[in-house]
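Some notes on this model follow, point by point.

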Amino acid sequence: VKDNIIDALMQATAWMTITAGEEGQLSMYMMARDLWYSYKQKLEARFRIVQPHKQSEDLGFPDTIIQDGVLVRTEFDVPAGEIYGININQMKLMILGEGLFKADGPDWDPTLLAWLFSIRFYGNVQYSPKYFCKFKAYA
């Protein structure tokens, strides 16, 4: 993936739009940190001008770039050597219960000498794999 990362992202953006239509347009690519540096170097060498994603920077996410209308960023939890293409508009958050979160506390724990809080979420995310993609170098 490292050697042809720009072309791979361009092709995936085109395929997702062709196969799923306008609703298939990806919202973002999240990649591992090891691919991020290689991607930025190749992008700067190829295009000279790298367009940052201004809205993400304003929200406090500095490492974001726009490529073909799709936000590209690095994410700590993405496994090494992998990239995920996500379409946020095709996701649903299914909640069991009345509120998004249920919180308890604060409770004082004398053994830990600390206040304890607990926050729970009962629900799941629903999506169709048709609107998502994954990259991984297998060779």
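1. Where is the place of Asp68? In this predicted model, Asp68 sits in the loop between β2 and β3. Its phi is positive, near 55°, although the residue is not glycine.

2. Leu113 lies in the loop between β6 and β7 (114-120). Its relative accessibility is 62%, so Leu113 counts as exposed.

3. For reference, most residues other than glycine have a negative phi, and most peptide bonds are trans. The bond from Gly105 to Pro106 is cis, with omega near 5°. Pro106 belongs to strand β6 (residues 102-109).

4. Helix α1 covers residues 5-20, and its 16 residues should span 22 Å at 1.5 Å a residue; the end C-alpha atoms are 22 Å apart, so the two values agree. After α1 comes Gly21, with a positive phi near 75°.

5. Which residues of α1 are buried? They are Ile5, Ile6, Leu9, Ala12, Thr13, Met16 and Ala20. These residues lie on the same side of α1 because they cover an arc of only 130° around the axis. On the face turned away from that buried side are the exposed residues Trp15, Ile18 and Thr19.

6. The packing partners of the buried α1 residues are α2 (33-47) and the strands β1 (28-31), β2 (64-67), β3 (70-74), β4 (82-86) and β9 (133-136).

Conventions:
Residues numbered from 1 in each chain as written. Predicted model: local features only at pLDDT ≥ 70, side-chain atom pairs only at ≥ 80, totals over all residues. Heavy atoms only, no water. Helix = DSSP H or I, 4+ residues; strand = E, 2+ residues; numbered from the N terminus. Expected span 1.5 Å × (residues − 1). Buried < 20%, exposed > 50% of the residue type's maximum accessible area, 1.4 Å probe, protein only. Arc of directions from axis to C-beta. Contact = heavy atoms within 4.5 Å.
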